[in-house]
Amino acid sequence: MDNKVKGSVSLFVARTFSGLNVNAMGYLLPVWIAPLGCVTVRLVFGAVAFWIISIFSKPETVTLYDKLKLIALGAFGIFGYMSLYALSISYTTPVNFAIFNAMQPLWVMVVSALLYHKSIEGRKLTGLAIGFAGALLCILSEPFTGTASDTHLGNFFAVLSSVIYSVYLVLSARFVGHVPIVSILKYTFTSAAVVAVVVSMFVGFDAPMFEGEAHYKPLLVLLFVLVFPTVVTYFLIPIGMKYLDSAVVALYGYVTLIVATSVSYLLGLDKFDPVILLSLLLIGASIYWVGTAEKNNGKV
């Protein structure tokens with residue numbers, strides 16, 4: 001299989017699971033498990049899984065300096081992203097979160113420009129402006145909130161999580177290629193898990209789904225979240241990062257948006273709103289605009 005095709009397929013599958021994860025988390029949080037509690041379970045499960053996988057992988061050749069950088073990246077990027085993700089889902093609707101999450105290509109472009117002095121061409125700036133217009137429309141319209149306790153706060157957390165994950169994508173892309181994927185994941189997830197456990201010791205661990213009689217439905221949903229959106233998705237994303245530009249990797253966040261909104265409407269977790277459709281179209285147009293700019297530069 002061609003490397004670019006391999007990267008594209010990996011990202012498509014990963015982002016499909018990510019889209020399903022948005023709705024799964026919307027179901028679990030905060031009724032069945034508290035946001036930080038869910039983050040802690042995901043990170044500990046992921047860390048253990050990646051350490052087990054590493055046992056059956058080729059011996060790693062990772063320098064101490066790279067290990068320290070990966071540990072820092074996990075504590076900031078993975079823990080920060082998952083925590084804000086969970087908080088956002090707890091306050092806003094799955095569709096709203098997916099909309100802001102889909103802006104990752106735009107944030108990747110800005111982060112790359114700030115950290116590595118990559119120039120932003122006029123075509124990309126136009127795409128950035130269109131994307132901000134779509135997000136601003138969603139914020140100002142304050143669409144249907146029947147399933148949201150605090151839309152504005154949830155949207156704010158969604159924006160922050162999207163920015164932090166974009167920083168993670170840009171920084172972790174520097175390791176892909178010379179550091180084994182499993183090594184990247186086991187060090188980042190381990191440090192993130194340690195931070196989550198320490199924080200949980202202070203704020204508590206609330207998970208009604210583990211209390212009383214067995215709650216099979218939420219347990220099965222949590223199992224899905226742990227295996228597919230956590231382990232499988234995070235394992236596939238670096239494969240895409242290995243063969244595609246970081247902005248294009250973030251571009252696949254649009255798949256998450258499509259899957260999350262489709263499932264949310266089908267399950268009745270969100271109510272269709274013309275303003276939401278317009279926001280989706282604007283953000284979709286901005287991502288397409290940025291994507292074509294990358295292709296014209298020969299990076300795809």
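These legends go with a set of close-up views of one predicted model.

Because this is a prediction, local features need pLDDT of at least 70 and side-chain atom pairs count only at pLDDT 80 or more, while totals for chains, interfaces and linings use all residues. Residues are numbered from 1 along each chain as its sequence is written, and side-chain values use heavy atoms, leaving out hydrogens and water.

**View 1**
Helix 2 (35-55) and helix 8 (181-203) each supply at least two residues of the patch. Helices are DSSP runs (H or I, at least four residues) numbered from the N terminus. Helix 8 gives the most, with 6 residues.

Is Phe202 buried or exposed? Phe202 counts as exposed because its relative accessibility is 73%. On this scale, buried means under 20% relative accessible area, exposed means over 50%, and partly exposed is in between (1.4 Å probe, protein chains only).

**View 1. Glu60, Lys67 and Lys186 are linked in a network of salt bridges.**
A salt bridge here is a side-chain nitrogen of Lys or Arg within 4 Å of a carboxyl oxygen of Asp or Glu. A search of the whole structure finds 3 of them. In one, the side chains of Lys67 and Glu60 meet at 3.8 Å, N to O. Lys67 is partly exposed because its relative accessibility is 24%, and Glu60 is also partly exposed, at 26%. In another, Glu60 meets Lys186 at 3.2 Å, N to O. This second pair links distant parts of the chain: Lys186 sits in helix 8 and Glu60 in the loop between helix 2 and helix 3 (64-91), 126 residues apart. Lys186 counts as buried, with 6% relative accessibility.

Lys69 is partly exposed, with a relative accessible area of 34%, whereas Asp66 counts as buried at 10%.

**View 2. Helix 1 packs against helix 11.**
Helix 1 (residues 3-28) and helix 11 (residues 253-267) pack at an angle of about 40°, and their axes are 7 Å apart. That makes helix 1 oblique to helix 11. Axes are lines fitted to C-alpha atoms, for helices over the stretch in contact, and angles run from 0 to 180 degrees between N-to-C directions. Angles under 35 degrees count as roughly parallel, over 145 as roughly antiparallel, 65 to 115 as roughly perpendicular and the rest as oblique.
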